[in-house]
Amino acid sequence: MQDNPFILEPFKSKEYFCDREQETEEIIRNILNGRNTTLISPRRLGKTGLIFRVFEEMRERDLPYETIYADISDTLSLEAFITVLSEAVVAKLKRQQRITAFFKSLRSIRPLLGLDPMTGSPQVSFSFVDDDQKQSTLTDILSYLENYPQKVVLAIDEFQQIREYEGVNMEAVLRKHIQHLHHVRFIFCGSKKHTMTDMFTNAKKPFYESTSFCYLTKLPEPVYADFIRAQFAQAGKTIDEESLAYILAWTRVHTYYTQRLCNEVFSLSGSKVDRTEIHSVDSGFRTGKVPGNPEAHYPRPMEDAGSYCERRKRHANNLFFFSFKIRHYIRPDGFAECQGLD
Ligand SMILES: Nc1ncnc2c1ncn2[C@@H]1O[C@H](COP(=O)(O)OP(=O)(O)OP(=O)(O)O)[C@@H](O)[C@H]1O
Ligand SMILES: [Mg+2]
C-alpha cells in the first residue's frame with residue numbers, strides 16, 4: 001500500500017516536508033557564523049520539524065557538525081535536564097566504547113545506562129547526592145561536547161520549561177556555561193512567546209541579546225497548495241482546485257490541521273479528490289467521528305490549540321453569556337483561532 005505522504009509526526013524527510021527553505025537557510029547560516037538561534041512559533045506550526053530539517057540539510061551538505069536534539073518538555077529540575085541531555089548525547093554516540101568514554105568524562109558521578117523497554121532508546125540514570133554534584137556534572141557534559149571531535153549543534157526543544165525548575169536559576173546556570181563554548185552552537189526552541197521573548201530580550205535576564213531570532217509563521221498559502229497538489233500527484237491522485245482552496249480555508253493554513261485533514265482525505269480518496277470526499281472528512285472532524293469507523297474519534301482540534309485557546313475554551317464552556325466575545329476566538333466549525341501564543 002502507498003505510504004500516506006501527509007505525515008503527522010514532526011519530520012520524516014524533506015520529500016514530506018513543505019518549504020521552510022528560508023528558515024532552514026537562516027538557521028544554518030547562524031550556525032556557520034557562530035550564532036545561537038532562538039526559534040519561536042505558536043504550537044504545532046512546525047518548529048520541531050524544522051530542527052530536524054536543518055539537521056538533515058547539514059548532513060546532506062556534509063557540514064562537519066554533530067547534531068543533537070533534546071526535548072526538555074517533561075523536565076522539572078536540573079537533574080531531569082541533565083538526564084535528558086545525557087540521553088540525547090548517548091543516543092548519538094551509539095557505540096559502547098564511546099558511551100563509556102562519555103561517562104568517564106563525568107568526573108564526580110557514574111551514571112547507569114539502560115534501555116527504554118517501549119522505544120528501545122537509551123535511558124540514563126543518575127544518583128546525585130547534592131547540588132554541587134549536579135552543577136559539576138552539567139559542566140562536564142558541556143565540556144565533553146566542547147571537546148567533541150566535531151563541532152556540535154545542540155537543539156533544546158521546549159526551552160521555556162527551564163523557568164519551571166525550582167531552587168535553581170537555570171537561565172543563569174546555562175548562560176554561564178554557554179558563553180564559554182566555542183564549538184557548540186545552540187537552537188533554543190519554544191512556543192511560549194512571552195516567556196521566550198522575555199528570556200532573550202529582557203536586559204535583566206542572563207540570555208539577553210545572546211541569540212538570533214527566528215519566528216516561524218504559517219506556511220505561505222500558495223506554497224502549501226503546491227505541496228499538497230504535488231503530494232497527491234506523486235501518488236497518482238488529482239485534487240481539484242476548489243477542494244484545495246476549501247482545505248486551506250478550513251484549516252486556515254495551520255500546519256498540523258492541514259496535514260491532519262489531508263492525511264484523512266488521502267487515506268479515503270480514490271484517484272480523483274473532490275469536495276464530496278473532503279466533506280465526509282471535515283464533517284467527521286466537526287462531530288469527532290471518523291468516517292467508516294464508528295469506534296474511532298478524532299482528537300478535538302481545540303484540545304491541541306495551546307493554553308491561550310484553552311483559556312478561551314474554558315470561558316466558552318463556563319460563561320455562555322460571554323459567548324459574543326468568544327466568537328472572536330472560536331470559529332463556528334469548532335476550530336480555534338490560534339494566533340495567540342501564551
Ligand atoms: N513544513 C511542514 N510540512 C509538512 N508538515 C509539517 C511541516 N511542519 C510541520 N508539519 C506538521 O505539523 C505537525 C506539527 O509540527 P511540529 O511538531 O514540528 O510543530 P511544533 O511547532 O514543534 O509544535 P509544538 O509547539 O506542539 O511542539 C507535524 O506533526 C507535521 O504533521
Ligand atoms: Mg515541537
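## Getting started

Welcome! This is a predicted model, in which local features need pLDDT of at least 70, side-chain atom pairs count only at pLDDT 80 or more, and totals for chains, interfaces and linings use all residues. Residues are numbered from 1 along each chain as its sequence is written, while chains are lettered from A and ligands numbered from 1 in the order in which they are written.

## Overall make-up and confidence

The protein contains 13 helices and 11 strands, taken as DSSP runs (helices: H or I, at least four residues; strands: E, at least two) and numbered from the N terminus. Of its 342 residues, 33% are buried, meaning that 20 or more other C-beta atoms, placed from the backbone, lie within 10 Å of the residue's own. Among contacts (C-beta atoms, placed from the backbone, within 7 Å) with a separation of 6 or more, 71% link residues 24 or more positions apart.

The mean pLDDT, the predictor's confidence in each residue from 0 to 100, is 86, and 83% of residues reach 70 or more. Residues 301-342 have pLDDT below 50, and this stretch has 50 contacts in the model beyond near neighbours in sequence. Where pLDDT is low, the predicted coordinates should not be read in detail.

## Around ligand 1

Ligand 1 is surrounded by 20 residues, the closest being Cys18, Gly46, Lys47, Thr48 and Gly49; a residue is near when its C-beta atom, placed from the backbone, lies within 6 Å. Helices α2 (47-60) and α10 (255-268) are the elements that give two or more residues to this shell.

Domain 1 (20-215) and domain 2 (221-298) each supply at least three residues of the shell, with bounds that come from an automatic or database domain assignment.

## Two nonpolar cores

A nonpolar core is a set of buried Ala, Val, Leu, Ile, Met, Phe, Trp, Tyr and Cys residues joined through C-beta atoms within 7 Å. In the largest one, with 43 residues, Val153, Leu154, Ile156, Ile187 and Cys189 touch the most other members. Helix α3 (residues 78-93) gives the largest share, 6 residues. A second, separate core has 20 residues, including Ile228, Ile247, Tyr257 and Phe266.

## A look at threonine 37

Threonine 37 sits in strand β1 (residues 36-40). Threonine 37 is buried because 25 other C-beta atoms lie within 10 Å. Beyond its neighbours within four places in sequence, threonine 37 contacts Ile27, Asn30, Ile187, Thr211, Ser212 and Cys214. Cysteine 214 is 177 residues away from threonine 37 in sequence, yet their C-alpha atoms are 6.9 Å apart.

Methods: A residue is buried if 20 or more other C-beta atoms lie within 10 Å of its own, exposed if 12 or fewer, and partly exposed in between; C-beta atoms are placed from the backbone. Two residues are in contact if their C-beta atoms, placed from the backbone, lie within 7 Å.
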